[in-house]
Amino acid sequence: MEQQSSGPNPLCEVGRTHSRDRHRMKPVEDYPGVWECSRHDMFARILDDEAAAALNRGDVFPMHDGRQGVIVRHGDERGGGTLVYYRFEE
Ligand SMILES: [Zn+2]
């Protein structure tokens, strides 16, 4: 798990689709392998390919901190898994 948090921080999902607003996410303290964009309230983490493939946009997703989140989209393959973007849903 700790290896997954090494390397460049992933691009924010918003930046992926808006080329004028490319920016990277920041590692979340105390949660290795989890990143966040505080500007867009977006999180990302790496799941193994099987777990990632079972998820679709809008699916409920338990967040790293135990809150309920929702899947936003899938990202790049990375560290032997797939990056998944999610956000907190109230
Ligand atoms: Zn962002």
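Me: Which residue stands opposite G69 in strand 6?
Reply: In this predicted model, G69 stands opposite F88 of strand 6.

Me: And what about strand 5, which residue there does F61 stand opposite?
Reply: F61 stands opposite G69 in strand 5. So far G69 has come up with F88 in strand 6 and with F61.

Me: OK, what joins strand 4 to strand 5?
Reply: Three bridges, with strand 4 (residues 60–62) and strand 5 (residues 68–78) running antiparallel. One more pair there is P62, which stands opposite Q68 in strand 5.

Me: How many residues sit between strand 4 and strand 5 in the hairpin?
Reply: Five residues, and G66 in that turn has a positive phi of about 95°.

Me: How many bridges do strand 5 and strand 6 pair over?
Reply: Seven, in the antiparallel sense, with strand 6 covering residues 81–88. Those two strands form a hairpin with two residues between them, and G79 takes a positive phi near 55° there.

Me: What's the bridge partner of V70 in strand 6?
Reply: The partner of V70 is R87.

Me: How many bridges join strand 3 to strand 6?
Reply: Six, and strand 3 (residues 42–47) runs antiparallel to strand 6.

Me: Zooming out, what's the strand order in the sheet?
Reply: The order is 1-2-3-6-5-4, an open sheet of six strands with antiparallel pairing. Strand 1 (26–27) and strand 4 are the edge strands, each pairing on one side only.

Me: What holds strands of a sheet together in general, by the way?
Reply: Strands pair through backbone hydrogen bonds, either parallel or antiparallel.

Me: Switching topic: why would you say the radius of gyration agrees with a compact globule?
Reply: Because a compact globule of 90 residues would have a radius of gyration near 12 Å, and the chain has 12 Å. The C-alpha atoms fill a box of roughly 30 × 30 × 25 Å along the principal axes.

Me: What share of the residues count as buried?
Reply: 21% of the 90 residues. That goes by having 20 or more other C-beta atoms within 10 Å of a residue's own.

Me: Last one: what share of the contacts comes from residues 24 or more positions apart?
Reply: They account for 42% of the contacts with a separation of 6 or more.

Methods. Residues are numbered from 1 along each chain as its sequence is written. This is a predicted model: local features need pLDDT of at least 70, side-chain atom pairs count only at pLDDT 80 or more; totals for chains, interfaces and linings use all residues. Two strands pair if DSSP finds at least two bridges between them. Helices (H or I, at least four residues) and strands (E, at least two) are DSSP runs, numbered from the N terminus. The radius of gyration is taken over C-alpha atoms; the globule rule is 2.2 Å times the number of residues to the power 0.38. A residue is buried if 20 or more other C-beta atoms lie within 10 Å of its own, exposed if 12 or fewer, and partly exposed in between; C-beta atoms are placed from the backbone. Two residues are in contact if their C-beta atoms, placed from the backbone, lie within 7 Å.
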